[in-house]
Amino acid sequence: LSAFLGYKLDEARRGRGYMTEALRAAIGVAFRDYGLHRIEANIMPRNAPSVRLVRRLGFEREGGSPKYLRIAGAWEDHDHYVLRNRDME
């Protein structure tokens with residue numbers, strides 16, 4: 001079992017650790033309570049804050065997807081990050 005991660009936080013609240021805390025809790029629930037094997041996140045490479053966030057939480061870059069999603073009329077490349085449930089390996 002796996003899930004894709006998505007998140008958004010109001011700009012005025014960014015940089016305070018709220019998202020790190022929230023995702024850490026959500027990851028615990030996903031792995032412990034729901035038995036997920038992995039959580040995946042696709043992030044535009046230029047989105048440095050999101051890349052730092054998932055890396056801080058232990059996600060590893062698994063690869064890239066050129067022209068993955070059309071956002072605001074433009075096809076955007078994304079990097080694929082994965083966090084595996086080590087208790088299931």
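Leaving aside neighbours within four places in sequence, which residues is Phe-59 in contact with? The legends below start from that residue in this predicted model.

**View 1. Surroundings of Phe-59.** Apart from neighbours within four places in sequence, Phe-59 is in contact with Leu-5, Ile-27, Ile-39, Ala-41, Val-54, Tyr-81, Val-82 and Leu-83.

**View 2. The largest nonpolar core.** This core has 16 residues, of which Ile-27, Ile-39 and Phe-59 touch the most other members. At least two core residues come from each of H1, E2, H2 and E4. The most are given by H1, which supplies five residues.

**View 3. Helix H1 and its buried residues.** Met-19, Thr-20, Leu-23, Ile-27, Gly-28, Ala-30 and Phe-31 are the buried residues of H1. Seen down the helix axis, they fall within an arc of 170 degrees and therefore line one face of H1. An α-helix has 3.6 residues a turn, so residues three or four places apart point the same way. The buried residues of H1 pack against E2, H2 and E4. On the face turned away from this buried side, H1 carries the exposed residues Glu-21, Arg-32 and Asp-33.

**View 4. Length of H1 and the residue that follows.** H1 has 16 residues, which at 1.5 Å a residue should span 22 Å. The C-alpha atoms at its ends are 22 Å apart, in agreement with that expectation. Gly-35, which follows H1, has a positive phi near 65 degrees.

**View 5. Helix H2 and its packing partners.** H2 covers residues 48-56, and its buried residues are Ser-50, Val-51, Leu-53 and Val-54. Viewed down the axis of H2, these residues lie within an arc of 160 degrees, so they line one face of the helix. The buried residues of H2 pack against helix H1 (18-33), strand E2 (38-43) and strand E4 (74-84). Just after H2 comes Gly-58, with a positive phi of about 100 degrees.

**View 6. The hairpin of E3 and E4.** Strand E3, residues 60-71, pairs with E4 in the antiparallel sense over eight bridges. Within this pairing, Leu-69 stands opposite Glu-76 in E4. Two residues lie between the strands of the hairpin, where Ala-72 takes a positive phi near 50 degrees. Strand E4 is also one of the elements against which the buried residues of H1 pack, and the buried residues of H2 pack against E4 as well.

Notes:
Residues are numbered from 1 along each chain as its sequence is written. This is a predicted model: local features need pLDDT of at least 70, side-chain atom pairs count only at pLDDT 80 or more; totals for chains, interfaces and linings use all residues. Side-chain values use heavy atoms; hydrogens and water are left out. Buried means under 20% relative accessible area, exposed over 50%, partly exposed in between (1.4 Å probe, protein chains only). Helices (H or I, at least four residues) and strands (E, at least two) are DSSP runs, numbered from the N terminus. The arc is that of the directions from the helix axis to the C-beta atoms. Contact means heavy atoms within 4.5 Å. Two strands pair if DSSP finds at least two bridges between them. The expected span of a helix is 1.5 Å times one less than its number of residues. A nonpolar core is a set of buried Ala, Val, Leu, Ile, Met, Phe, Trp, Tyr and Cys residues joined through side-chain atoms within 4.5 Å.
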